[in-house]
Amino acid sequence: MANHARLRELLAKRQPGHALPGDFYTAADIYALDLDVIFGREWIFVGATCELPKRGSFITVSIGRSSILILRDRDSRLRAFYNSCRHRGFKLCEAERGQIPSVVCPYHRWTYRLDGSLVHAKLMPDNFRPEDYALVPVNLRTVAGTIYICLADDPPDFTPYGEAMTEQLAPHGLENAKLAHEDHLIEYGNWKTVVENSRECYHCAGGHSELMVTFLDLYDFANPEQNAMIQGYWDKWEAAGFTTHITEGPHYRATRLPFTKDAQSITMDGKPAVAKPLGLSPPGAYGSLRWVHYPSTFNHCINDYTVLVRMLPIGREETLVTTKWLVNAEAIEGVDYTIDNLTHVWRVTNDQDKALVERNQAGVRSAGYRPGPYSPSAEAGVLKFTDWYCDKIQAYLSQPTHAGGRS
């Protein structure tokens, strides 16, 4: 278990505005603590409500050591449970997604309704009470077509984030979308290395030539030309009655920004990837709503599609990156869009990020690694994330029950 005295020393010697000490990216005990303090207690992004279109639709996701089953019950309500049978703990659903009339354990055929209640357990004694053995629930919240879960018994308040993103996502119609494609990619780097890489575009000009067809690596509000471009984009959204303000909290940020030049979407030619728009974007307002929620996601709502990226640790130096592309539910593959054109830029960018993360991980593993300073203009997002992370660990160490020794 983590040595609290060592953790306090590492946090104390971290210089303001600098990267984390190497142990935070490599040490097994700190990784175990991250699973408990961060992924066991924070709200974790799962995916989109459109992935569960019918009663009995389900998806599964692993958070740390726990597999979670998310399903739509017979009343069309979304529910989440630990994916573990109440008999002997057998993993109930192995598939990543599917549809079922009830939850049946493959081991001994214990059977659960879609609300989690136990309906059948054969050969049990007369005093056996099925109502005592319902599936263990997991906290679940939705906001404007997206899903979050929290494993903690007393989860953090979701309301501020939920209200902010309800407003920001209102025009994008994610409730009326469908999952067009999904990719999984394992990056051999600590989860914090993966998140940090996603929080800056300092590396974009040299590392993401395809993405830079439509992106600026730095949106400089002090630059009159760029500021005019951004304000002109915002004016179109405000004229349509939608918010353009930057929404920010300790663990999230959402902002609406235009693309470069004449680009209309994130594609290789800058043209829309999907003929049918997703949502109610104003005419000629080409850009994306970009939002991040720590510790597990960053996303882009574009006029013609939305891309959702989920980052979850599966090992001390191993992170599963899942990318989901949502399109208008009525869009037809091969007619209104092709998977290759829809996904190409992000797939190439993900592969490039994988290579960057893995070389970064190799460097922080070195005995010669010394944390360097962040660029205040280009890496402000990285600094915000690492400060948030350190605050969470510090708050945990400050609790009376963790005041001394080892956890």
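Start with the hairpin that joins strand 14 to strand 15 through three residues. Strands here, like helices, are DSSP runs numbered from the N terminus (strands E, at least two residues; helices H or I, at least four). The model is predicted: local features need pLDDT of at least 70 and side-chain atom pairs count only at pLDDT 80 or more, while totals for chains, interfaces and linings use all residues. Residues are numbered from 1 along each chain as its sequence is written, and side-chain values use heavy atoms, without hydrogens and water.

Select residues 287–293, which are strand 14; this strand pairs with strand 15 in the antiparallel sense over six bridges. Two strands count as paired if DSSP finds at least two bridges between them. Show L289 and its bridge partner in strand 15, C301.

Next, select residues 297–302, strand 15, where six of six residues are buried (under 20% relative accessible area; exposed is over 50%, partly exposed in between; 1.4 Å probe, protein chains only). T297, N299 and C301 lie on one side and F298, H300 and I302 on the other, and both faces are covered.

Continue through the three-residue hairpin to strand 16. Strand 16, residues 306–315, pairs with strand 15 antiparallel over five bridges. Here F298 stands opposite V309.

Now move to the open sheet of four strands, antiparallel, in the order 4-3-2-5. Strand 4 (78–82) and strand 5 (97–99) are at the edges with a single partner strand each, so one side of each has no neighbour in the sheet.

Finally, select residues 57–63 and 66–72: strands 2 and 3 run antiparallel, joined by six bridges. S62 has S67 in strand 3 as its bridge partner.
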